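Student: I've got this one open and want to go through its rings and its pocket. Can you take my questions as they come?

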Amino acid sequence: MGAVFRREVRAYFTSPIAYIFIAAFYLYTGNYFVNYNMAYGSTDLSYAFSSAFVIMMILLPLLTMRLMSEEKKQRTDQCLLTAPVSLGGIVAGKFFAAVCVFLCAMAIYVPYVIVLYTIAGSVEWAAIIGTMIALLLLGASFISIGIFVSSLTESQVVAAILSFAIIMFFYMLDMLAGMVSNETVSNIMVSLGFYSRYNEFTTGIFDLSSVIYFLSTIFVFNFLTVRVLEKRRWAD
């Protein structure tokens, strides 16, 4: 896993991908921070955090689109699949490499908090830490979905579009649930939606069931990716 992780991190930072991703994330969240927190002197970072959901839906599929599809297109996947590394290790290495880049983007919230603490003298530490955890779990969930889709095709463009479509589907479940008359089905749809679960954290509510949900999502999609690689290994 370590070798795959180092290889992917090196690939990210020796190409423009990581820098463009981080810069776009900084610009987008920074706009909310300046125009809301700094302009109105508010210590409430919920807007800066909730706004991250939209940019993550767009950027994270672009970050993960090459992780598996590029290997398949360049025919280097067989070398990887026959290497003395478990399939789980391959997926985990690529997953944590993408998470590492995402953590670099998340780091922008540290100076935001420092600035607010310096100006106001206090911030809601519990809400901020809880939301940071939720943001990481949400991003990791998006990444696991992106890697899974990337393993299904050799086209990076197709991988990005399909990843975005799946993430958008989970995002829209909350809204679609309101159109369903059956209460049981509606509740199930809400429980599977990403936005409502993440938004709870931005309002200062730490829900353990949401943490378990995000961890389960990460596990399920990474497991599915392993299964795809396993099928490919036996097919070839």
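Student: Which ring does Arg66 lie over?
Tutor: Tyr12. This is a predicted model, to begin with. In it, Arg66 lies over the face of Tyr12, at 5.3 Å from the ring centre.

Student: And what about Arg197, which ring is under that one?
Tutor: Tyr213. Arg197 lies over the face of that ring, 4.5 Å from the ring centre.

Student: Where else does Tyr213 turn up?
Tutor: In a cluster linked by ring pairs. Its members are Phe53, Phe142, Phe169, Phe170, Tyr171, Phe194, Tyr195, Tyr198, Tyr213 and Phe214.

Student: How many aromatic pairs are there?
Tutor: The count comes to 26 aromatic pairs. One to look at is Phe33 with Tyr112. Their ring centres are 4.3 Å apart.

Student: Stacked or edge-to-face?
Tutor: Stacked, because the planes are at 10° and the cut-off for stacking is under 30 degrees.

Student: Is Phe33 buried or exposed?
Tutor: Phe33 counts as buried, at 6% relative accessibility. Tyr112 counts as buried too, at 7%. The cut-off for buried is under 20%.

Student: Back to Phe53 and Tyr198. What's the geometry of that pair?
Tutor: Tilted, because the planes are at 40°. The ring centres are 6.1 Å apart.

Student: Which parts does that pair tie together?
Tutor: Phe53 lies in helix 3 and Tyr198 in helix 11, residues 194–202, so the pair ties together parts that are 145 residues apart in sequence. Phe53 is buried, and so is Tyr198.

Student: New topic. What volume does the largest pocket have?
Tutor: About 170 Å³.

Student: Which elements give two or more residues to its lining?
Tutor: Helix 3 (46–64) and helix 8 (125–150). The largest share comes from helix 8, with three residues.

Student: Which residues line it?
Tutor: Thr43, Asp44, Leu45, Ser46, Phe49, Glu124, Ala127, Ile128, Thr131, Thr202, Thr203 and Gly204.

Student: How does the lining divide by residue type?
Tutor: Six are polar, four nonpolar and two charged.

Methods:
Residues numbered from 1 in each chain as written. Predicted model: local features only at pLDDT ≥ 70, side-chain atom pairs only at ≥ 80, totals over all residues. Heavy atoms only, no water. 1 Å grid on protein atoms, 1.4 Å probe; cavity = no way out; pocket = protein on both sides within 12 Å on 5 of 7 lines; lining within 4 Å. Points joined across faces, edges and corners; volume = space filled by probe spheres on them. Helix = DSSP H or I, 4+ residues; strand = E, 2+ residues; numbered from the N terminus. Nonpolar A, V, L, I, M, F, W, Y, C, P; charged D, E, K, R; others polar. Phe/Tyr/Trp six-rings, centres within 6.5 Å; stacked < 30°, edge-to-face > 60°. Buried < 20%, exposed > 50% of the residue type's maximum accessible area, 1.4 Å probe, protein only. Lys NZ or Arg CZ within 6 Å of the ring centre and 35° of its normal.
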